Each structure stands twice: as C-alpha cells, then as structure tokens.
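Dear colleague,

I am passing this structure on to you, with notes on its pocket and cavities below. Please read them alongside the model.

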Amino acid sequence: MGKPNVLFVLTIDTEEEWRWDEEFPQHNCSVQNVKKLPAFQTFCETLGIRPTYFVDYAVANDEQGSAILREFVNRKKAEVGAHLHPWCNPPYFGKTTEAESHVINLPEEQVVQKLDELHRVINKKIGVTPRSFRSGRWGMKGKTLELLASRGITVDSSVYPFYENEFFHCKGAPVTPYYPSFENALVPGEQQNIMELPVTAGFNVADFSKADKIHSRLSKPPFSTLRAVGLLWHTKILKKIYLSPELSDTKSMIELSDTCLDKQHNVIHMYLHSSSLIDGVTGLLNVDNAYELICSRISRFLAHLEVRANVSYCTISEAATRLTAKEGAVTTQLSQGQHCE
C-alpha cells in the first residue's frame with residue numbers, strides 16, 4: 001500500500017506583539033516582529049512551504065510590515081489573508097473587554113465596519129483583496145460567515161477544534177475541512193460559498209471524540225484539582241495536541257500527524273503567531289532563540305511527514321480550491337512534492 005497524499009498548509013497570525021496577560025493595545029502597537037518575516041519566508045521557501053499570512057490592521061497599516069508582505073505576494077510565494085483583532089482595528093467602540101476580544105461576541109454592525117476597514121487597508125497597503133480569514137482569538141458564528149462570504153472570503157480558519165472557554169467554544173465541530181452552516185458555524189451546512197479549514201488538532205489516540213470527552217471532564221472540578229490532565233499527558237496515556245511549533249514539540253506534532261494520517265485526513269494544517277518569532281514578547285513561548293526553535297521544529301516535523309506521506313504544499317486558499325474539485329480528483333492530481341500553483 002502506497003503512501004497517502006496530503007496537503008500541508010502553514011498559516012501565520014501576523015500581528016502586533018504584546019504581553020497577552022496585559023491590557024489589549026489599541027493605538028501605536030508594536031510590530032517589531034515583522035523584521036523576522038523575510039528570514040522566515042526564505043526558510044519556508046527552502047522547504048517548499050507556501051505560507052499564508054493572516055494579517056491584522058496593526059501590521060497592514062505599518063509601512064515596513066505592509067512592504068514586506070507586498071513583496072511576498074508579488075513574487076507569488078505566499079498568500080495574505082485577513083485577521084481581525086477588534087481592539088486595534090478601527091473604528092473603535094471604547095476599551096475592548098476580554099469577551100469582546102473574540103470577534104464572535106461583537107455586535108454584527110461592529111464586525112461589518114471593522115472588517116471593511118481591515119480589507120481597505122490590506123488592499124491599499126499590500127495590494128491584495130483577501131480571500132481567507134481568521135478571527136482574532138478564534139471563534140466563528142454563522143452570521144459572521146455569511147458576512148465574510150459577502151465580502152469575497154472563500155475560506156475561513158476561525159474554528160479551533162476542541163477549544164472552549166467562558167466566552168465561546170468550538171466543541172463538536174469537524175476537525176477536517178467542511179462547508180459550515182450559516183445557522184451554526186460548528187456544523188456542516190448546504191452553502192458552498194465559504195469553506196472552513198480548521199487547524200490540525202486532536203489527541204494521541206484514534207478516537208478524538210471519546211478522548212475529548214475524557215479530557216474535558218478531567219479539566220473541570222473536582223478532577224482539575226488533582227491535575228489529572230497533566231498526569232495523563234506525562235504518562236502519555238492521553239495527550240491533547242495542537243499542530244503549532246509554539247505549543248507542541250516536534251515529537252508531539254509527529255504523534256498528532258501520524259494519528260491524522262491513519263484516520264485518512266487529507267490536510268495537515270499547522271499554525272503559529274508572528275509575534276512568537278521574537279523572544280519573550282507574548283508569554284506564550286518563553287524560551288531563548290524562539291525563532292531558531294520554531295524553524296527547527298517545523299523542519300524536523302516536515303522531514304518526518306514527507307517520509308509518511310506524499311506532501312503538496314499549499315496556501316490555505318489553494319488548498320480549499322483543491323478540496324472543492326470533484327470527488328476523487330484530489331487523489332489523482334496530487335503527486336509527491338507538488339506545489340499547488
């Protein structure tokens with residue numbers, strides 16, 4: 001039996017840097033991390049990766065940031081999508097609360113105005129009309145999907161599998177690409193104007209649904225006080241894994257991708273934040289030489305993935321286009337190392 005064919009997508013939330021446990025920045029946001037993007041893009045190109053940069057207002061409106069990204073897309077080596085951070089994206093409606101930092105909790109009229117302004121500045125400064133989108137801090141609802149589709153967005157990546165907090169959740173959503181309902185973004189629907197392409201997430205066991213129920217139960221009292229989730233992780237009985245070099249080491253990402261390949265997933269979708277490319281600015285990846293660590297994890301992961309599968313490297317919109325082909329066409333069209341150009 002031959003190796004499976006798989007699309008590999010890398011998306012980068014390209015945004016300002018700040019300490020995530022502090023107040024949301026609104027004006028004069030620092031975007032020093034964009035200086036790392038040219039080197040990171042070169043690194044991606046050496047591996048054949050065609051990255052997608054989900055760009056927020058702070059970066060798109062920055063002269064250096066927009067110039068760097070414009071050069072990537074002009075060379076047709078990357079895609080620029082839209083990334084909506086409510087707190088730093090005009091028009092402003094007062095100080096952003098924790099709940100309002102998630103686009104899913106904003107009044108729809110505010111989302112309309114902010115999204116249109118984000119599209120305007122990306123088009124003006126970078127020279128592209130975004131066809132892909134990810135909400136800041138994750139989360140999606142049907143009404144916003146309908147809005148995105150009306151603005152020409154054809155693929156969304158805001159559903160964060162297995163995630164929940166006190167403000168929203170993505171529980172029960174498919175972990176593979178699907179056309180979401182405009183009534184409920186977490187379930188497949190009839191429309192085919194916008195595809196949901198979630199990041200790769202799951203567990204080190206095959207039954208993701210059962211594993212998630214166990215993990216969720218043990219994450220809540222009284223089991224949370226016993227640190228049951230941590231015990232299961234360290235004993236490798238049950239590990240919840242996101243395919244991100246910020247959150248997971250190479251070995252864990254390989255465990256997840258191997259499980260997904262065994263489950264016949266046809267997309268492996270990795271993500272990271274541009275702010276993690278510089279040391280210690282968010283609190284997420286508190287290590288020295290974060291850039292080198294991220295690049296090392298990605299390259300070692302892909303070396304393994306190419307042993308296991310025939311990998312085609314795509315931007316997120318390219319992947320969505322391939323997945324909309326006739327049933328069976330993806331299998332017959334993919335070839336080892338082929339780019340989705």
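On a 1 Å grid over the protein atoms alone, a cavity is a set of points where a 1.4 Å probe fits but cannot get out, while a pocket is an open set with protein on both sides within 12 Å along at least five of seven lines, and lining residues have an atom within 4 Å of a point. Grid points are joined across faces, edges and corners, and a volume is the space filled by probe spheres set on the points.

This is a predicted model, in which local features need pLDDT of at least 70 and side-chain atom pairs pLDDT 80 or more, whereas totals for chains, interfaces and linings use all residues. Residues are numbered from 1 along each chain as its sequence is written, and side-chain values use heavy atoms, without hydrogens and water.

The count gives 2 cavities of 30 Å³ or more. The largest cavity holds about 70 Å³ of space, and among its 13 lining residues Val175, Thr176, Pro198, Thr200 and Val267 are the closest to its centre. Its lining comprises 8 nonpolar, 5 polar and no charged residues (nonpolar: Ala, Val, Leu, Ile, Met, Phe, Trp, Tyr, Cys and Pro; charged: Asp, Glu, Lys and Arg; polar: the others, Gly among them). The second largest cavity has about 40 Å³, and its lining has 4 nonpolar, 5 polar and no charged residues.

The largest pocket has a volume of about 390 Å³, and of its 22 lining residues Trp20, Arg137, Trp138, Tyr163 and His273 are the closest to its centre. The lining of this pocket has 10 nonpolar, 7 polar and 5 charged residues.

Best regards
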